[in-house]
Amino acid sequence: MSDDVVNKLRDEISEIDRELVALVNRRIETVARLKRHKDEHGIAFVDAAREERMVAERVSENAGPLSEDGLRGFYAELLALTKREL
């Protein structure tokens, strides 16, 4: 049995997932450029204070339904993933 609503929503989710993957790849590419610049100029790659400010800014901008804990968890994994991929 096929449900048109289910199929439409699944298609929408798939499109969002494609956009998320493209954005994560773009973020990794941009961070790689930043890392190269920092390496060339003797600047430490990880700036924990910057990471904390960035997450705090995203938390303050978040209108939900993603919870603060969920957003913080997302960023913890995104930052770790980005560092692993470089």
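Analyst: Leaving aside residues up to four places away in sequence, Val59 touches Glu68, Leu71 and Arg72. The model is predicted, and side-chain atom pairs count only at pLDDT 80 or more.

Val59 and Leu71 both belong to the largest nonpolar core, a set of 7 residues that also includes Met54, Val55, Tyr75, Leu78 and Leu79. Two helices, H2 (48-61) and H3 (68-85), each supply at least two residues of this core. The largest share, 4 residues, comes from H3. In soluble globular proteins, nonpolar side chains tend to be buried together.

The backbone oxygen of Leu78 lies 2.8 Å from a polar atom of the Thr82 side chain. Thr82 lies in helix H3. Is Thr82 buried or exposed? Thr82 has a relative accessible area of 3%, and it is counted as buried because that value is under the 20% cut-off. Apart from residues up to four places away in sequence, Thr82 touches Arg27, Ile28 and Val31. Helix H1 spans residues 4-40, and Arg27, Ile28 and Val31 are the contacts of Thr82 to consider alongside that range.

Charged pairs come next. The side chains of Glu51 and Lys83 meet in a salt bridge, at 2.8 Å from N to O. Glu51 lies in helix H2 and Lys83 in helix H3, so this pair ties together parts that are 32 residues apart in sequence. Lys83 is partly exposed, at 33% relative accessibility.

Lys35 pairs with Asp39, and their closest N and O atoms are 3.0 Å apart. Both residues lie in helix H1, 4 residues apart, which is about one turn of the helix. Lys35 is partly exposed, with a relative accessible area of 26%, and Asp39 is partly exposed as well, with a value of 47%.

The side chains of Glu57 and Arg58 also meet in a salt bridge, with an N to O distance of 3.4 Å. Glu57 counts as partly exposed at 36% relative accessibility, and Arg58 is partly exposed with a relative accessible area of 24%. Through salt bridges that share partners, Glu57, Arg58 and Glu61 are joined into one network.

What remains is the empty space beside these residues. Rolling a probe the size of a water molecule over the atoms shows where empty space is left. The largest pocket has a volume of about 330 Å³. Of the 15 residues that line this pocket, Val31, Leu34, Arg50, Glu51 and Leu79 are the closest to its centre. The elements that give two or more residues to the lining are H1, H2 and H3, and the largest share, 5 residues, comes from H2.

Methods: Residues are numbered from 1 along each chain as its sequence is written. This is a predicted model: local features need pLDDT of at least 70, side-chain atom pairs count only at pLDDT 80 or more; totals for chains, interfaces and linings use all residues. Side-chain values use heavy atoms; hydrogens and water are left out. A nonpolar core is a set of buried Ala, Val, Leu, Ile, Met, Phe, Trp, Tyr and Cys residues joined through side-chain atoms within 4.5 Å. Buried means under 20% relative accessible area, exposed over 50%, partly exposed in between (1.4 Å probe, protein chains only). Contact means heavy atoms within 4.5 Å. A salt bridge is a side-chain nitrogen of Lys or Arg within 4 Å of a carboxyl oxygen of Asp or Glu. A polar contact is a pair of N or O atoms within 3.5 Å; within protein, one must be able to donate a hydrogen and the other to accept it, and residues adjacent in sequence count only if both atoms are side-chain atoms. On a 1 Å grid over the protein atoms alone, a cavity is a set of points where a 1.4 Å probe fits but cannot get out, and a pocket is an open set with protein on both sides within 12 Å along at least five of seven lines; lining residues have an atom within 4 Å of a point. Grid points are joined across faces, edges and corners, and a volume is the space filled by probe spheres set on the points.
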